[in-house]
Amino acid sequence: VRIAWKDGPGGWSLALLLHTVRIDGIDLEASYVDKHGNRRSGWHRHVWNAATKEAEKLKEQIDNLDNVDTIEEFLIRSFQVMNITLNRLDYGNYELRFD
């Protein structure tokens, strides 16, 4: 997991990586083109592309992150959207990557 945060909600993003390749992610952009070719703005999810084996370019709008106030709330809601379950008792000897 790669997490970036700076300057409030507009600077927050979350990416799920496998061998440094984004396989899922959520962030906010003032302007982007969704997977149907429509110009949009706001929160979106990076969608897996089976042909290219990455989730960099295909994006779909998500609405449940409006009015998020804290990085903790952003992460909780984002993990829910991405269907990622976290275990409070994690005994791994690694650290999350914060950019």
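Is Arg-22 buried or exposed, and what is its relative accessible area?

Tutor: The model is a predicted one, and every value below is computed from it. Arg-22 is buried, since its relative accessible area is 10%, which lies under the 20% limit for a buried residue.

The next point concerns its partner. Side chains that carry opposite charges can pair when their charged atoms come close. Arg-22 forms a salt bridge with Glu-56, and the distance from N to O is 3.4 Å. Arg-22 belongs to strand β3 (residues 21-33), while Glu-56 is in the loop between β4 (39-46) and β5 (59-61), so this pair ties together parts of the chain that are 34 residues apart in sequence. Glu-56 itself is partly exposed, because its relative accessible area of 37% falls between the 20% and 50% limits.

Another of them joins the side chains of Lys-59 and Glu-29, with 2.6 Å from N to O. This pair, too, links distant parts of the chain: Lys-59 is in strand β5 and Glu-29 in strand β3, 30 residues apart. Lys-59 counts as buried at 12% relative accessibility, whereas Glu-29, with a relative accessible area of 26%, is partly exposed. A further salt bridge connects Arg-40 with Asp-34 at 2.7 Å, again from N to O. In this pair Asp-34 is buried, with a relative accessible area of 6%, and Arg-40 is partly exposed, with 33%.

Lys-35 also deserves attention. This residue is found in the loop between β3 and β4 and counts as partly exposed at 38% relative accessibility. Leaving out residues up to four places away in sequence, Lys-35 touches Leu-58, Lys-59 and Glu-60. With Glu-60, the side chain of Lys-35 makes a polar contact of 3.1 Å. Lys-35 and Lys-59 are 24 residues apart in sequence, yet their C-alpha atoms are 5.3 Å apart in space.

The strands named so far can now be placed beside one another. β3 and β4 run antiparallel and are joined by 7 bridges. Within this pairing, Gly-25 has His-46 in β4 as its bridge partner. The hairpin of β3 and β4 has 5 residues between the strands, and Gly-37 there takes a positive phi near 90 degrees. β4 pairs in turn with β5, also in the antiparallel sense, over 3 bridges. His-44 stands opposite Gln-61 of β5. In a regular strand, the side chains alternate between the two faces of the sheet.

Phe-74, apart from its neighbours within four places in sequence, is in contact with Trp-12, Ser-13, Leu-14, Ile-26, Trp-43, Leu-65 and Val-68.

Ser-78 lies in helix α1 (residues 71-81) and counts as buried, at 0% relative accessibility. Not counting residues up to four places away in sequence, Ser-78 touches Leu-14, Ile-26 and Leu-65.

Finally, these details belong to the following overall picture. The chain has 1 helix and 6 strands, and along the sequence they follow the pattern β-β-β-β-β-α-β. Of its 99 residues, 34% are buried. Among the contacts between residues at least 6 apart in sequence, 37% join residues at least 24 apart. The accessible surface comes to about 6800 Å², and carbon and sulfur atoms account for 50% of that area.

To return to the residue with which you began, Arg-22 is buried, and its salt bridge is made with Glu-56, a residue that is partly exposed.

Key: Residues numbered from 1 in each chain as written. Predicted model: local features only at pLDDT ≥ 70, side-chain atom pairs only at ≥ 80, totals over all residues. Heavy atoms only, no water. Salt bridge = Lys/Arg side-chain N within 4 Å of Asp/Glu carboxyl O. Helix = DSSP H or I, 4+ residues; strand = E, 2+ residues; numbered from the N terminus. Buried < 20%, exposed > 50% of the residue type's maximum accessible area, 1.4 Å probe, protein only. Contact = heavy atoms within 4.5 Å. Polar contact = N/O pair within 3.5 Å; in protein donor to acceptor, adjacent residues only side chain to side chain. Areas by Shrake-Rupley, 256 points an atom, 1.4 Å probe, with all protein chains shown as cover. Pairing = 2+ DSSP bridges.
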